[in-house]
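Grab a pencil and open the viewer.

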Amino acid sequence: MQEFDLLVVGGGPGGYVAAIRAAQRGLAVGVVEKERPGGVCLNWGCIPTKAMLRSAEVYETVLHAADFGVHVENVTIDYDTIRRRKSSVVKGLTDGVAGLLKSNGVTVINGHARFTGPTTVDVYAAGESPLGADGPRYAAEPAGAQPIEQVKARDVIIATGSVPVQLPLPGADLPGVITSDGAFGLTEVPKRIAIIGGSAVGAEWATLFATLGSEVSIIEMQKTLVPAEDVEVGKALGRSFTKRGIKVLTEATVSRVDQAADGLKVTVDGAKPQQIDADVVLVGVGRKPNTASLDLDKAGVATSERGFITVDDKLRTNVEHVYAIGDVTGKALLAHVASHQGVVAAETIAGHHAAIDYNVIPAATFTHPEIASVGLTEAKAIEAGHEVVAAKFPFAALGRAQSYGDTEGFLKIVAGKKYGEVLGVHIIGHSASDLITEGALALALEATLDELAETIHAHPTLGEIGMEAAMAALGLPIHVAPPKKR
């Protein structure tokens, strides 16, 4: 039996960060991971999708090169090369994480963990992936298998992430009906694809395949796409998608998928019931905790009705010496949240202080145009009892956006009316994922509109948009027309 001060079950963006920080604090650390280090984010989520979206962005840029005085002929897509580049990027980063774990003295045990007690696990050789080589190894060990290792630790962190939700939908098991994980197994760009779910996952795949030439339909049950975002952002994305030729169906649900002579037929219910023809149906309606084969009951760990592990502000579960971080906690299913939770848990175990503020969590969706946000939407701020002032500033009014040739979108800032404290920042437009950091810092430092407006921003940059929006919210805009007097 191997023994450690800390055992981390799962080597994703929460698990490997926790392991490294704990090792830096002098603990003997082991990690159980069934595939390459990096978890869903590096292997099947954040990184591979962004690598493929970058290929799509380059393709779209070249298609419009003539607008910039550059003439290119015979532009084509090589999807095999796109996939190979994606795999190369993933391998480079996962190998890098493996190297970091090794250099920090962390022991990595390859396999699948099952609890035998609160701080003891049996490790089994991981089963084959139900998606083959192009999917994560979610499968548990074969029936009757014997453990390849037994591990004991003083403290344990559960960091096993999440898996895609499977809809109880007639026809969900038909060939061609896939999840976001299964999308990586596609060897060619589908001619027609229907995407169920208009949140971040579905919207990003819609952007990718529409850019690469697919006929895309996206079906969302809420009133707008990306319903967690400010309603104005969701509406703007819907308009942008429609202009790009994507069929956007909101306030609509899918009741069944049927086999058709030339592919699949998707039945959509809503204000305008209809059927959509598709070659591929991608289900991207959310994720659930990846705990089904951990035998949590043997550890005594409590979970919510939805199966997420219950934790306190230090990521402690109801069982002493057992912690949980990342998607399994259900706090916010984002890689950077998992990483910060990993730091907090590791520092707590090592006897140091660390904290996380769930009110200041930036989020980004890598559609075209990009979306990013932090803090309260205007509606949520009003619902919370704030008297608010809100203002937007368009990218089209920025010299940098004009020169770059991408002027779609805006930044919206939400603030308290009396004191001007920043409550939320919401962006749709070029480089939104990079620009949101200023918004997160503003919330973390409790900045006001005055402070943002008075901070000198470099010109010409996209970053000026935060300053300009703050001035607009103060009623003193410089580069857009002043608000009409009532």
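**Before you start**

This is a predicted model, in which local features need pLDDT of at least 70 and side-chain atom pairs count only at pLDDT 80 or more, while totals for chains, interfaces and linings use all residues. Residues are numbered from 1 along each chain as its sequence is written, and side-chain values use heavy atoms, with hydrogens and water left out.

**Exercise 1**

Find out how many cavities of 30 Å³ or more the whole structure holds, and describe the largest cavity.

*Solution.* 
- Step 1: know what you're looking for. A cavity is a set of points, on a 1 Å grid over the protein atoms alone, where a 1.4 Å probe fits but cannot get out; lining residues have an atom within 4 Å of a point. Its volume is the space filled by probe spheres set on the points, with grid points joined across faces, edges and corners.
- Step 2: count. The search of the whole structure turns up 2 cavities of 30 Å³ or more.
- Step 3: size up the largest cavity, which holds about 50 Å³ of space.
- Step 4: You'll meet Pro164, Val165, Ser180 and Val201, then Val283, Gly284, Val285, Gly286 and Arg287.
- Step 5: sort that lining by class. You get 5 nonpolar, 3 polar and 1 charged residues, where Ala, Val, Leu, Ile, Met, Phe, Trp, Tyr, Cys and Pro count as nonpolar, Asp, Glu, Lys and Arg as charged, and the others, Gly among them, as polar.

**Exercise 2**

Work out which helix gives the largest share of the lining of the second largest cavity.

*Solution.* 
- Step 1: the second largest cavity has about 40 Å³ of space.
- Step 2: list the lining: Thr49, Leu53, Val201, Glu204, Trp205 and Leu208.
- Step 3: At least two lining residues each come from helix H3 (46–63) and helix H6 (200–211).

**Exercise 3**

Look up the residues under the UniProt annotation "binding site" and say where Gly202 and Gly286 sit.

*Solution.* 
- Step 1: read the record. The unreviewed UniProt entry puts "binding site" on Gly197, Gly198, Ser199, Ala200, Val201, Gly202, Ala203, Glu204, Glu220 and Gly286. They're spread over 90 residues of sequence yet cluster in space, with a largest C-alpha distance of 13.6 Å. Of these residues, Val201 and Gly286 are included in the lining of the largest cavity. Keep in mind that UniProt positions are given in the numbering used here, feature names are shortened, and annotations may be inferred rather than shown by experiment.
- Step 2: take Gly202, which lies in helix H6. Gly202 counts as buried because its relative accessible area is 0%; buried means under 20%, exposed over 50% and partly exposed in between (1.4 Å probe, protein chains only).
- Step 3: check its contacts (heavy atoms within 4.5 Å). Leaving out residues up to four places away in sequence, Gly202 touches Ile195, Gly197, Ile218 and Gly284.
- Step 4: move to Gly286, in the loop between strand E15 (280–283) and strand E16 (287–289). Its relative accessible area is 33%, so Gly286 is partly exposed.

**Exercise 4**

Is His459 buried or exposed, and what does its side chain contact?

*Solution.* 
- Step 1: His459 carries the annotation "active site" in the unreviewed UniProt entry.
- Step 2: find it in the loop between helix H13 (449–454) and helix H14 (464–473).
- Step 3: with a relative accessible area of 60%, His459 is exposed.
- Step 4: its side chain makes a polar contact with the side chain of Glu464 at 2.9 Å. A polar contact is a pair of N or O atoms within 3.5 Å; within protein, one must be able to donate a hydrogen and the other to accept it, and residues adjacent in sequence count only if both atoms are side-chain atoms.
- Step 5: look at the next bond along. His459 and Pro460 are joined by a cis peptide bond, with omega about -5°.

Note on methods. 1 Å grid on protein atoms, 1.4 Å probe; cavity = no way out; pocket = protein on both sides within 12 Å on 5 of 7 lines; lining within 4 Å. Helix = DSSP H or I, 4+ residues; strand = E, 2+ residues; numbered from the N terminus.
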